[in-house]
Amino acid sequence: MAITRASWDNSNNVGNTLSNIFSKFNNSTFYNLYLRNDIPKESICDNFYQITENQILHSIFTKGTCGGKIRKANTNGKNNLEELEQHMNSLVHQLPFYFPWFVREFIWGIDNWKNEELRRFLADASPDIIFMPVFPCWYTCKVLEFVHSVLPNAKIVLFHADDDYSYKHINFSPLFWLYRYIQRKWIRKITAIASLNYCISEQQVEEYSRSLNCECKLLQKGVDITKIPENSVHNLKDIIEFVYTGNLICGRWKTLAKLGDVIRKLNKEKIVARLSIYSASLLTNKMKKSFNFDELVVWKGRIPASEVYAVQNEADVLVHAESLNYIEALEVRLSFSTKIIDYLAMNKCIMALGCAGIASIEYFKKYDNAIVATNAEEIENRIRDILKDKNILKVYAEKSRRSAIKLHDDRTIKENFAEDIKNLS
């Protein structure tokens, strides 16, 4: 059983990762207890139970049941609640204050979701393993604690994918530090009952093993190395196509805007490069003004997951962006995007932009499998290097392919993961 916020659906990062790491668990039955308004569409999991904040609030006034089983949807469209929730989450993430975080925790403190219907779902599932990614909130920890009280014999496996524990942040809001203090207590509590702790980056493994006083193992999404294109670098064109696919949070949009400024500067005499941005993130007026979209910096918006491969395959350079601002970069200091693995499997040149010292940028530097720039000046210099010798694109495409094969072969990753889970039984 997996406890997640978004549903176990292949179209979102959590669901995609879960399907990847559990894909070799033949003859297993999967269950997903999830806490948002989306409806799963494509997944190796077939058994879902949904609890949402609006259900909790609604049941207070109607005295109805909160939560229930959910079936997969037959369409790829979004329901109205899912659209509203996406807008609200995007808005809350941009707010400099943290009061909405506490409101959300207060809602989940209302215990009407701990009902007989949920107990029956858990009893019917009776899982051997409870797998939960650790999220930047503590209400998911409350849910896990309750599930563990109902299923005390199930083994708990935690997956830490961001720095949701340390105090290595810069923030001037007392509410942030209060929230982090409580969150740390909850993470220590669930770590104490976990049989396995996984981390997403090498830096996080080292740091969390010390700070949580437990053994942590590295777990990242793998790739099917038999499907990596042998020659995916097309005939080098006059115009180099830079492509970014991903969200714009944590200051990533500012980095992409700087990349866009550099591309415009280099295009003054002759069109030599173009940046296309594909993202489901909602654009604010500030973002639109900063990007100043035109034929050189193009906003493509959201595309279906099924089209991402084709878009990336047409690129000359795949862009991985993190904030160039140290304070913002601290939010992703230990993170490692699943998109990195997808990029490596494309056999394309990768350009990684972001502050030195954070896990993803240090990964690219350590294995030399991307062109790395840690400030605006370096971005310009690296692109000038490409324009002088476009064979650099082929060199780094080959480096990315070799890294995918050597470091991220999903056969090895899944075998090791399956062995760890087997040993818990």
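Predicted model: local features only at pLDDT ≥ 70, side-chain atom pairs only at ≥ 80, totals over all residues.
## The chain as a whole

Let's start with the overall build. The chain contains 17 helices and 14 strands. Along the principal axes, its C-alpha atoms fill a box of roughly 70 × 45 × 45 Å. How does the radius of gyration fit with a compact globule? For 425 residues, a compact globule would have a value near 22 Å, and the chain has 22 Å, so the two agree.

Of the 425 residues in the chain, 53% are buried. The chain exposes about 20100 Å², and carbon and sulfur atoms supply 51% of that area.

Contacts tell us how the sequence folds back on itself. Take the contacts between residues at least 6 apart in sequence: 73% of these join residues at least 24 apart.

The chain has 56 positive and 50 negative charges.

## Two residues with positive phi

Now back to the opening question. Asn292 sits in the loop that runs between helix H10 (285–291) and strand E11 (297–301). Its phi is near 50°, a positive value in a residue other than glycine.

Asp368 lies in the loop between helix H14 (359–367) and strand E14 (371–373). With a relative accessible area of 33%, Asp368 is partly exposed.

## Cysteines without a bond

A disulfide is a covalent bond between the sulfur atoms of two cysteines. How many disulfides does the structure hold? The number is zero. Cys66 shows why for one cysteine: the closest cysteine sulfur, in Cys137, is 16 Å from the sulfur of Cys66, which is too far for a bond.

Cys66 is buried, at 1% relative accessibility. Cys349 is buried as well, at 1% relative accessibility.

| Residue | Relative accessibility | Class |
|---|---|---|
| Asp368 | 33% | partly exposed |
| Cys66 | 1% | buried |
| Cys349 | 1% | buried |

How values were computed. Residues numbered from 1 in each chain as written. Heavy atoms only, no water. Helix = DSSP H or I, 4+ residues; strand = E, 2+ residues; numbered from the N terminus. Rg over C-alpha atoms; globule rule 2.2 N^0.38 Å. Buried < 20%, exposed > 50% of the residue type's maximum accessible area, 1.4 Å probe, protein only. Contact = heavy atoms within 4.5 Å. Areas by Shrake-Rupley, 256 points an atom, 1.4 Å probe, with all protein chains shown as cover. Lys, Arg positive; Asp, Glu negative; His and termini not counted. Charge placed at Lys NZ, Arg CZ, Asp CG, Glu CD. Disulfide = S-S within 2.5 Å.
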